[in-house]
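Me: I would like to go through some of the labels given to this model and the grounds for each. Please set each value against its definition.

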Amino acid sequence: MSTEDTQNDEPKHPYETEDSFHPLGEEWEDRMREELEDTEYDADLGMEMARDAQRLVAGEISEEEFYAEYHDDVAEEFEADDRPLFDDVNPANHEEIEDGSVLDSLAEMDLQGEETSRREMMKKMGAGAAFLGYGAYATYDFQPADGAPDNVSGIRPAPKDEREHRWGMVIDLQRCDGCLACVAGCINENGTSTGANWMYVFTYEDEDSEQENFLVRPCQHCSNAPCAKVCPVRARHTRGKDGLVLTDYETCIGCRYCQVACPYGVNYFQWGEPDVEVSRLEHLDMRPEEVRQLEGGDYDDRDSERYQALSDANDHVYDYRGRWTDSRPPQGTMGKCTMCPSRQDGHTDNPKGTVACMDACDAQGMSAIHFGDLDDPESRANRYLERRTEVEDTVLEKWEGVEDEDLDIETTASPTSEISTFRLLEDLGTQPNIVYLGNEPGPETEQTEPPTPYEVYSGSGNKWGVEVVDERKEHLDYGPSGPPEQEGEEGGE
Amino acid sequence: MATSPGEPEDIIRPILNTSKKYYIAFGVAAAIALLWSAVYGWQLEEGLIVTNLADWGSGGGSPWGLYIGAFIWWVGIAHGGIILSAAVRLFGMERYQPVARMAELLTLGALSMAGLYILVHMGRPDRLVLSVVPAYPWTVRTSPLAWDVTVITLYFVMTATYLGLTIRYDVYHLRDRLPNYLGPFYSLVTLGYSEIEEEVIERMVWWLALGIIVLAPLLLHGGVIPWLFSLVPSMPGWDGAVQGPQFLTIALTSAIAGVIILSYICRWAYDWEHIFSDAMFRGLTNWLGLFGLLFLWLQLQQVINGVYAEPIAGETAMVARITQPYYIFAIGTVIVILAYIFAQAVDQRQFSLARSVVASVLMLVATLTEKVLFVFEGLLYPHFSLYEAVPGHYFPSLVEFSSLAGTVALCTIFFLVILKLFPVVELHAVEDHHDDHEPAHDEEVSS
């Protein structure tokens, strides 16, 4: 393959934006080219390699592909290519391609031991390294570098081809009637304390209309989560394999920076003793460190010792890594909606691909919440989204055809407007993984009393008998002893 | 007032003699510190539920409050203190040489209190080391709080080195007049001392001072500490690049106020009128005025930017802030203090040491109030304002208030102990027979 070919028949490279493929722009690229042209070697090849090196760090191509692509060219140009061929690349490293590994192998190129050619080569490599360095900087946070201790996780989901799922939800606000079944479902699943409504439903009114609207608010499990970024101990992190934003309860120091940085207000700190004791949540009779010590497998490895133990116990506290990230947090640490990682890791009695709030919503006959893998077009979430938009398209198409004829369309959906989808505060760049169908609350909206009060699920209204309230502050202000004489008022309606 | 320079005997008097006042001060401070440690013990036992903090959002509270506000306040005093001391060394501001070490000590004491506040603020302080250290190489790339821990450590090391280097000279030259029971301590401090090192130490300290002066605005109180707030996307009340300069001016204002109070107490307790002269206090008062003015100027910038054609969220946050009674109290207090400082700068007869000390105390109250307000007011007005419970409410609980008394008491104990260990005034300051008559300089500074 010659470099001319690649230039001619490559239609549009993903990194070719306008005139330059380099994020720093054309001027930078030109400077790099000049530097390369000063050497006696092929500048085009250098530029090609630099460009694909960027794709490599972005995870679009594999290390093997990169080597295979350029092996002949490099061999021809430098009369030898002693870089490792793909057979030599250690398969263990494939998953975590880091700039270091590529740079190292590039640096190891032995150019026949000739001093001059080595120097020239280093010059070319220098230009390449500048690109690589930039690319590595832009992607470093996908996964921690090699040698990171076990408890250090990344803050971004892995690139698409390296992850298994990207869990998220499609929530149809037009189907929600504010029954709060999802709120209760979440409390039952996780044993959260009074007022820590991981799942929360806004009832709100617009200034112009008296219509009651709802906004269902779980954690948005952002792909660019501010909470994970700011955590000083990486307790709050993003699971690379499936994008879940979780808190490691054993690492969290309770500084509450995640809560401060989250624009959605989904975090609930465990200010005092949790209402539900750990013994009622924990089905596995083991200490957390013992669970971690069990031989564990990769994501979805059902044969590992840890998976067996968790699965036998119908565990709802640990995830596949053996980390305590599920159910309510212990005192002094941060909690929030988890999207049920123990379910997604397949070791509870509930199937993978479900969450407690969705189950509760379905059981109520509402089916407003659709959880699923947003990467997978066949997931429940994506299928629902597609169907809902299709219904609307059909309606619109019908309208296009009718023109002046008498209108007689029987449909519940409004024929005059396309159904809108939105993500909450998307312009903050958080890349939330909750897609809403329906109207987005505007700046003049006001939260109003919900048709079903939160208190309905207090006491016997939930599995644990805990009190359920909307606003938590008052409850907390009573201090550790709790509000006085409240016991008599509990009970569902 | 007397302008004769002090004698070495003056500066070692606190080490040799212990007055009744000292015992009383120590007893009171220790009692308060003990009481607070009991309160803190209760917080450890029950959790942060004993504070009036709560979740923002549906919870209707503020997750950060007095603890973080007081943390910034102490860090500010610390940063300002060392800047003052470094400026004395770099710019040859000899008039303030007698307070240079006091400022350094204030830095160490205040920085320790700031560190303590980090601990007090945590839900799980027991995990601080084991959680922070292993993840540090990764979190330091992303978390402003990890940067924060870094710069505080850096600052502590720099200041301690600075102090450690400068006391070698003093201890060596005063050694035979210092008490023998502290012999091991003095041997440690002067380990390997030789007279030829003095020039080298001077140079090292000069470079350290330069580093401190350069780092403070760029990275420390003008950088990382304000970035803790201004970098998060959620709270418009914290937005803006002005936070860096704003934090720095507040730090300098607080530190000068702190130094005025400390040196006044020492002057009163040890009859150091000739060392801490009135002229020096007047100069410090003018500097307090200058930085106070910068503080007000930057507040004005924020207020104007906030209320004039700001996006809704920003305007709401700013309007809420300027109508908050405590904010009006804090800014009003600064204005009153500035009125006094301006008056005494124009007409020297208006100056009195007592007034300057009162102004300093009030200034510290004002800066503390502003810092605490900055923290929780920012959190009460997030971008996402749909929650009915937002803006929530927050007023510190007694547990939180008691921490202020506790940390001030601990800082006092720190000083009382230091007073017994080595001179809090540099030997150089009483050796150099400099002239203190520079009335023209005062006016320059204050205008």
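**Labels and their grounds**

Reply: A:Gln431 sits in the chain A loop that runs between β9 (421-422) and β10 (434-437), where helices (H or I, at least four residues) and strands (E, at least two) are DSSP runs numbered from the N terminus. The model is predicted: local features need pLDDT of at least 70, side-chain atom pairs count only at pLDDT 80 or more, and totals for chains, interfaces and linings use all residues. Residues are numbered from 1 along each chain as its sequence is written, chains are lettered from A and ligands numbered from 1 in the order in which they are written, and side-chain values use heavy atoms, with hydrogens and water left out.

Me: Why is A:Gln431 called partly exposed?

Reply: Buried means under 20% relative accessible area, exposed means over 50%, and partly exposed is in between (1.4 Å probe, protein chains only). A:Gln431 has 41% relative accessibility, so it counts as partly exposed. Its phi is positive, about 50 degrees, although A:Gln431 is not a glycine.

Me: What makes A:Ser327 buried?

Reply: A:Ser327 has a relative accessible area of 1% and is therefore buried. This residue lies in the loop between α12 (305-312) and β7 (334-335) of chain A. A:Ser327 is not a glycine either, yet has a positive phi of about 65 degrees.

Me: Are A:Cys258 and A:Cys262 buried or exposed?

Reply: A:Cys258 counts as buried because its relative accessibility is 9%. A:Cys262 has 6%, so A:Cys262 counts as buried as well.

Me: Why does A:Glu446 count as exposed?

Reply: The relative accessibility of A:Glu446 is 57%, so the residue counts as exposed. A:Glu446 belongs to strand β11 (residues 446-447) of chain A.

Me: Which peptide bond is cis?

Reply: The bond that joins B:Val390 and B:Pro391 is cis, with omega about 0 degrees. B:Pro391 lies in the loop between α14 (353-380) and α15 (398-421) of chain B.
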